[in-house]
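I am opening a notebook page on this structure and will write down what I look up, one entry at a time.

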Amino acid sequence: MTFGEKLQALRQRAGMSQDALAERLEVSRQAVSRWERDETMPETDKVVALADIFGVTTDYLLRPQPEPAAAEPEKPSREQKDWVERFLAFAKRKWYLLGWVLIAWGVLDLVQLVLFYLAYRGMISGFTGMFGW
């Protein structure tokens, strides 16, 4: 963060307007605005006064700080990857086996249907012979 960004954040956190801060420092509002836009830097005595007003060190105000990096998503560890890969392999195998179970079930149903049909046909032919149709 730059000096201007820090100053603006501290001022807003304190609930101060640029006018109020300028009045406390005995400068113009435009001077505070230029400081916050990093167009100019305040004089040394103003930097000390700013540090006192906001309860920070002059070091904090003056030293540039790197921007906080966006949190990178954590990469899964090798152990987690192994677990995921094993789970996916199991799921793939499970669905493969489930497919064969469904095929076997369908074949058994088909065999059962054929057997019932043959038994029913035989039963009907027995009745037709009995009644002479």
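Is the crossing of H2 and H4 left-handed or right-handed? I found it to be right-handed, a word used when the near helix is turned clockwise from the far one by less than a right angle, left-handed being the anticlockwise case.

Before going on, I noted that this is a predicted model, in which local features need pLDDT of at least 70 and side-chain atom pairs count only at pLDDT 80 or more, while totals for chains, interfaces and linings use all residues. Residues are numbered from 1 along each chain as its sequence is written, and side-chain values use heavy atoms, with hydrogens and water left out.

I then looked up the geometry of the pair: the axes of H2 (residues 18-25) and H4 (residues 44-54) come within 11 Å and cross at roughly 120°. That makes H2 oblique to H4, oblique being what remains once angles under 35 degrees (roughly parallel), over 145 (roughly antiparallel) and 65 to 115 (roughly perpendicular) are set aside. Leu21, Arg24 and Leu25 of H2 make the contact (heavy atoms within 4.5 Å) with Lys46, Ala49, Leu50, Ile53 and Phe54 of H4.

Next I turned to H3 (residues 29-36), where Ala31, Val32, Ser33, Trp35 and Glu36 are buried, that is, under 20% relative accessible area with a 1.4 Å probe. Among the elements covering these residues are H1 (3-13), H2 and H4. After H3 comes Asp38, and its phi is positive, near 60°.

Last, I checked an unreviewed UniProt entry, which annotates residues 95-120 as "transmembrane region". In the model this span is 100% helix and 0% strand, with its end C-alpha atoms 37 Å apart.

Terms used. Axes are lines fitted to C-alpha atoms, for helices over the stretch in contact, and angles run from 0 to 180 degrees between N-to-C directions. Helices (H or I, at least four residues) and strands (E, at least two) are DSSP runs, numbered from the N terminus. UniProt positions are given in the numbering used here, feature names are shortened, and annotations may be inferred rather than shown by experiment. Buried means under 20% relative accessible area, exposed over 50%, partly exposed in between (1.4 Å probe, protein chains only).
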